[in-house]
Amino acid sequence: MNAPITQDVVTIPRKLPEGPTNLVGLTRAELRDALIAAGTPEKQAKMRVGQIWQWIYQWGVRDFDSMTNLAKAYRAKLAEHFVIEIPEVVQRLVSKDGTRKYLVRIAGGHEVEVVYIPESDRGTLCISSQVGCTLTCSFCHTGTQKFVRNLTPGEIVGQIMVARDDLGEWPIPGAPKDETRLLSNIVLMGMGEPLYNFENVRDAMKITMDGEGISLSRRRITLSTSGVVPAIARTAEEIGCLLAVSFHATTDEVRDVLVPINKKWNIETLLEALSAYPRLTNSERITFEYVMIDGVNDSDADAHRLVKHLDGIPAKVNLIPFNEWPGAPYKRSSNNRIHAFANIIYQAGYASPIRTTRGEDIMAACGQLKSATERARKSRKEIAAEAGLPAAE
Ligand code: SAH
Ligand code: SF4
């Protein structure tokens, strides 16, 4: 045995239960450990990490044989131990307005949706952090779905790689550098509560921000939380991205119902944690997301209370017309109401854009992710059962 003695004590976190390890989603330190465990001499490990990292995240390469700056024998050794895998796209829908929605399958056969929203000056990818959600916000369709599991760092960063594949946005070696990016911004606003999957989200975002790879600045990443107060300072320290908060109500009484995590950390506690965030990250304003629900949280008095809450916090308000889903207990506020509400916020000196609903024809709107697919799945099965046929997968 001439394997390094450290091999016995090296643990490779997140190794697939069987078969080769997926390198996508490993931190640099984990990648180093994995390479050493597979026989890479320790002295070379740092350099190999850099080379492999660049192939995966900068060039979008998926097979070891294309890693032409590595010796052939070493490439073969890597192929024996490792794979470079991202979630598989099982459905791709393109809206009239250019919005793209991908249904991707992850280990265990679970599926999550990823949405790409092109705009004139940017392209935003909305990614998920969990399958389902442990929380039960009463206006959110994800909240009605069972929590299945946390996504791994590879599955989180893999959603970005899926979109770059589809957009054809991996650079071609030797080609002139093109600064305009189709995929320029990330929002963690898909399924799940990112701060209840903190480590995996952090590691995935570290990979996304790494200058030798996907290389998106921390100011182009927005993490949306329902208000997991103890994790907010940690987000500032360990990720440093922009923050959005699902605020949605101006009294504890209403917020307890809409965003039940409020019973654990109420508005006052949440505002305290938020007010420290911009200073900690030396960054811009916090986005207060506010879903406009008819007769529940959309009065003038609510708008005035919201302004009071924002006092002293660098903030902007993003008004989201409630997206109705089948069986939802609420209705969307009227356009007039939304504009009147926006005007009060604006007059108080805060930006208050109304989020336009994109990709409506492909059910890509906020809070609707996955729902259409689940319904489609169910009805196909039901149809098969009625016809006495085995359900096709
Ligand atoms: N769990 C995190 C991130 C995912 S939700 C959070 O709650 O912030 C992303 C955004 O979509 C949140 O602001 C959420 O409140 C909003 N949302 C959920 N369901 C919605 C619906 N039916 N209509 C409009 N916005 C919705
Ligand atoms: Fe979960 Fe966010 Fe939906 Fe609440 S709004 S149930 S935290 S995904």
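**Values and definitions**

Analyst: Ser95 is located in the loop between β3 (88-94) and β4 (100-106); helices (H or I, at least four residues) and strands (E, at least two) are DSSP runs, numbered from the N terminus. This is a predicted model, in which local features need pLDDT of at least 70 and side-chain atom pairs count only at pLDDT 80 or more, while totals for chains, interfaces and linings use all residues. Residues are numbered from 1 along each chain as its sequence is written, chains are lettered from A and ligands numbered from 1 in the order in which they are written, and side-chain values use heavy atoms, with hydrogens and water left out.

User: Why is Ser95 called buried?

Analyst: Buried means under 20% relative accessible area, exposed over 50%, and partly exposed in between (1.4 Å probe, protein chains only). Ser95 has 6% relative accessibility, so Ser95 counts as buried.

User: What makes Asn282 count as exposed?

Analyst: Asn282 has 60% relative accessibility and therefore counts as exposed. The residue lies in the loop between α9 (267-281) and β12 (286-292).

User: Why does Ser215 count as partly exposed?

Analyst: The relative accessibility of Ser215 is 31%, so the residue counts as partly exposed. Ser215 is in the loop between α6 and β10 (221-225). Its phi is positive, about 60°, although Ser215 is not a glycine.

User: Is His248 buried or exposed, and how do you know?

Analyst: His248 is buried, because its relative accessibility is 3%. The loop between β11 (242-246) and α8 (252-258) holds His248. This residue, other than glycine, also has a positive phi, near 65°.

User: Which residues are around ligand 2?

Analyst: They are Cys133, Leu135, Cys137, Cys140, Gly143, Gly192 and Ser226. A residue is near a molecule if one of its heavy atoms lies within 4 Å of it. Of these residues, Gly192 is buried, because its relative accessible area is 18%. Gly192 belongs to the loop between β9 (185-188) and α6 (198-209).

User: How does the shell around ligand 2 divide?

Analyst: The shell has 4 nonpolar residues, 3 polar and no charged. Ala, Val, Leu, Ile, Met, Phe, Trp, Tyr, Cys and Pro count as nonpolar, Asp, Glu, Lys and Arg as charged, and the others, Gly among them, as polar.

User: What makes a set of residues a nonpolar core?

Analyst: A nonpolar core is a set of buried Ala, Val, Leu, Ile, Met, Phe, Trp, Tyr and Cys residues joined through side-chain atoms within 4.5 Å. The largest one here has 103 residues, and Phe139 and Phe288 have the most contacts inside it. Helix α5 (residues 153-167) gives the most to this core, 7 residues.
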